[in-house]
Amino acid sequence: MAEAQSKGVAWVTGAGTGIGRGLAKRLAQDGWNVAASARTAHDLDSLAAQVPGRITAFQLDVTDEKAADATGKAIEAALGPIDLAIFNAGSYFPTTAKDFSVENFRRTVDVNLMGTVNCMGPVVPRMVARRAGHILVMGSLTGFVGLPTAASYGATKAALNSMVEAFKPDFEQYGVTLSVINPGFVKTPLTDKNKFPMPFLMSLDDAVDHIMRGIADKRVAINFPWQMTLGVKFLAALPNWAKFGITRKMIPKD
Ligand SMILES: NC(=O)c1ccc[n+]([C@@H]2O[C@H](COP(=O)([O-])OP(=O)(O)OC[C@H]3O[C@@H](n4cnc5c(N)ncnc54)[C@H](OP(=O)(O)O)[C@@H]3O)[C@@H](O)[C@H]2O)c1
């Protein structure tokens with residue numbers, strides 16, 4: 001029976017489309033019992049139908065702290081202890097000087113940063129008590145250097161990287177692994193909206209392969225593709241005159 005072969009319970013947020021959906025499907029195919037979360041029920045239902053018996057939908061808006069707490073508890077009640085949590089839900093709302101808006105920042109922080117923290121709420125204490133588990137949060141290579149239009153998005157992704165670095169050794173004391181996933185550009189509904197060039201754009205399957213290898217190796221930072229990783233690290237290390245000389249050219253034209 002499927003249950004006997006289960007690798008454990010994995011919770012994936014933002015599982016309705018894109019990277020989260022790809023990961024949820026791959027984990028289920030690999031024998032995990034997957035709890036899949038997003039706001040849009042029909043996306044979750046169509047995902048669950050792709051690997052029957054392995055994926056359970058738990059509809060959730062990650063910005064709702066109480067709902068995130070209740071969902072984490074409901075997953076454990078229904079499926080058992082969460083072994084692997086991939087907090088992937090996120091959104092990109094471009095911002096520029098001309099359209100500066102406090103609301104843009106609030107929405108981005110609410111989903112990308114606080115949405116992740118809200119979902120960690122019910123999971124961290126349980127994993128710490130059990131002295132086992134692996135939590136991954138979804139960063140981005142954009143978090144490594146400030147890039148035009150990504151002021152709010154990059155700020156949340158940099159914050160997630162900082163959070164993982166700070167918590168990592170502390171969580172380790174309790175047998176809990178913490179990782180951050182930092183993709184470059186991956187072809188998903190999110191990047192389909194971008195009008196700017198996306199160097200080294202990857203297929204969803206390739207991105208899922210990278211992430212699955214990183215999970216197996218319990219890597220602290222799953223950065224890919226390597227060309228883009230080198231590029232952003234190089235850009236970040238440049239003196240300001242050279243860095244802004246490059247990023248100035250990335251400002252969208254009216
Ligand atoms: N694609 C890339 O190139 C790329 C690169 C670096 C990092 N990332 C990160 O990877 C993650 C996934 O991105 P993607 O490209 O796969 O985007 P996507 O296709 O737009 O998927 C985003 C997922 O998050 C869910 N979501 C959004 N807001 C939510 C909320 N408030 N509560 C719960 N779920 C919510 C969406 O479903 P609902 O709308 O139904 O809730 C959807 O399932 C994001 O964190 C993104 O920042 C992506």
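Eight salt bridges turn up in a search of the whole structure. A salt bridge here is a side-chain nitrogen of Lys or Arg within 4 Å of a carboxyl oxygen of Asp or Glu. The model is predicted: local features need pLDDT of at least 70, side-chain atom pairs count only at pLDDT 80 or more, and totals for chains, interfaces and linings use all residues. Numbering starts from 1 along each chain as its sequence is written, and side-chain values use heavy atoms, with hydrogens and water left out.

Select Arg126 and Glu76. Their closest N and O atoms are 3.9 Å apart, in a salt bridge. Arg126 sits in helix H4 (residues 102-130) and Glu76 in helix H3 (residues 65-79), so the pair ties together parts 50 residues apart in sequence. Helices are DSSP runs (H or I, at least four residues), numbered from the N terminus. Now check accessibility: buried is under 20% relative accessible area, exposed over 50%, partly exposed in between (1.4 Å probe, protein chains only). Glu76 is buried at 16%. Arg126 is partly exposed at 28%.

**Stop two: within helix H4**

Select Glu103 and Arg106. Their side chains form a salt bridge, 3.4 Å from N to O. Both residues lie in helix H4, three residues apart, about one turn of the helix. Glu103 is partly exposed at 42%. Arg106 is also partly exposed, at 47%.

**Stop three: Arg219 and Asp217**

Select Arg219 with Asp217. This salt bridge has its closest N and O atoms 3.4 Å apart.

**Last selection**

Conventions. Helices (H or I, at least four residues) and strands (E, at least two) are DSSP runs, numbered from the N terminus.
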